[in-house]
Amino acid sequence: MKSPSHSRRRFLKTSLAAGGALAFGSAHAQDADPGSRQATGIKVGEVSDTAALVWMRLTAEAARRAQGYTPKAGDQTLPKDVRPDQVRYACPGMEGRVRLRYALREDLAGAVATAWQEVTGKTDYTHQFALTDLRPGTTYYYSAETAGRAAAPQHKPLLGRFRTAPAADQYADVTFTALSCTGFRDLDHPDGYHMFPAMARLNPHFYVHTGDNVYYDNDDFNANNIATARLHWQRMHGQPRQIAFHLRTAGYWLKDDHDTLANDCWPGQVVKRMLPLTFNDGLAIYREQVPLSRLPYRTFRWGRGLQIWLMEGRDFRSPNTLADGPKKTIWGGEQKEWLFKSLLASSADFKILISPTPIVGPDRGKGKNDNHSNDAFRTEGNEIRAFFRKHLTERFLVINGDRHWQYHSVHPETGLHEFCTGAGSDAHAGGSPGLNKKFHRFHRVLGGFLSVSIRREKDRNTLRVKHHDVMGKELYEHVWRG
Ligand SMILES: [Fe+2]
């Protein structure tokens, strides 16, 4: 286990006084203002051309707890005499009030303020503000503010920014990044994954976490109730590098098996070792911990150039153990109908489907019965790959997470392109069946992330998909010229 050895408290500084350019522009974690009370940061999500959802959480302290019980390799669950808030890197919540002020100017002149909102333990001290009537293709600056209950004094705010999508009829260059599988015990730096500052250097408009944000069932301790599941999120989003990144970059969050309940899980499945934590608890906690629209499958347009589809792979699936056939599904009928209709209706130059799990693969064969590249879901896999081939042009591709190796595959029968982000760190990589020349154009069993950019080059829109290592180094590129 690669447990962080470094115990120095690192805070995140986000005060305007420190210099707006530094606060918003630096790729590195900074010290927090000790007067702030948002140790799990801010998450801006579901950004469209006119709307966004801003997630806030009020915490008892300014930063994660630097000291505390450190789970040991082999701890199945936390010892009975250890409370979740006594664990190292816990960020316990606190009752009080939160609000958001946001503006077009960095000095927040003319800011719009939401009403103060009370937060309690019922929602793990979180609240999500739905911002509407925003301007397309615009940078918004915000001050995320917290206060005690009633007339208690206000704390120091966190300051951040995000960018709205360009309108569907406007062309604009767009860059985004995608990653997956952030296992806590395989962290490659005590302040947070190397990937976060590496991605920040690319100044992306947004990023996508394709799932396995946390590993309830397979980390240095297993969650087995709501409090310990929430602790997994505190440890992930209380890291200074993640906080710094989320204050300058909006995200879209997908979930997969480990951040729902357990490996390869499906609705209604009872996983004894996780009890009393259930699949439905997992759905509710996910919705509480990341900004998410009413429906878990959704699509976002980023100007004329780009539209992304974010797929839900757990909520609607058949049991993995069912015999394959036309009724067996991962996406469910409604999601599939929505996907097919919205793909056909889209006029975006490039269409990118982002799926937690693979559609092309290849996966390792034995024992895997969980995704569209496995025989266990062959019928639906064939159906969707055939649909893509029949109805979509070359300018359609799939990005996926879940598999802990990086690849670019082209499906031999349908020509469908798939790019896998790879795992969150080198230590978390592994499991590949090896290079398969029938599929792979690129294959690497180490951690890293993807970047995707659309640029106008000589009156043509050019799409570049790149694999990066965890430090951001470019390893491989595939280019489409529109
Ligand atoms: Fe994973």
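Let's start with Tyr215, which counts as buried because its relative accessibility is 2%; buried means under 20% relative accessible area, exposed means over 50%, and partly exposed lies in between, using a 1.4 Å probe and protein chains only. Before going on, note that this is a predicted model, where local features need pLDDT of at least 70, side-chain atom pairs count only at pLDDT 80 or more, and totals for chains, interfaces and linings use all residues. Residues are numbered from 1 along each chain as its sequence is written, and side-chain values use heavy atoms, with hydrogens and water left out.

So what is Tyr215 doing in our tour? Its OH is one of the protein donors of the iron ion, along with Cys181 (SG), Asp212 (OD) and His404 (NE2), and these lie 2.2 to 2.5 Å from the ion. Donors here are N, O and S atoms within 2.8 Å of the metal (3.2 Å for Na, K and Ca); water is not among the atoms, so sites may look incomplete. Along the chain, the donors follow the spacing C-x30-D-x2-Y-x188-H. Cys181 sits in the loop between strand E9 (174-179) and helix H2 (195-200), while Tyr215 sits in the loop between strand E10 (206-209) and helix H3 (226-237), so this pair ties together parts that are 34 residues apart in sequence. Helices (H or I, at least four residues) and strands (E, at least two) are DSSP runs, numbered from the N terminus. Cys181 is buried because its relative accessible area is 0%.

How are the four donor atoms arranged around the iron ion? They subtend angles of 81 to 169°, which makes the arrangement irregular.

Now move to helix H5 (residues 279-289), where Phe279, Gly282, Ile285, Tyr286, Glu288 and Gln289 are buried. These buried residues pack against strands E1 (43-45), E2 (52-57), E6 (126-131) and E11 (250-253), and against H3; contact means heavy atoms within 4.5 Å.

The loop between E11 and H5 holds Pro276, which is joined to Leu275 by a cis peptide bond with omega of about 10°. Asp264 is in the loop between E11 and H5 too, and its phi is near 55°, a positive value in a residue other than glycine.

Note on methods: Four donors count as tetrahedral if all angles lie between 85 and 135 degrees; four count as square planar and six as octahedral if opposite donors are over 155 degrees apart and all others between 65 and 115; anything else is irregular.
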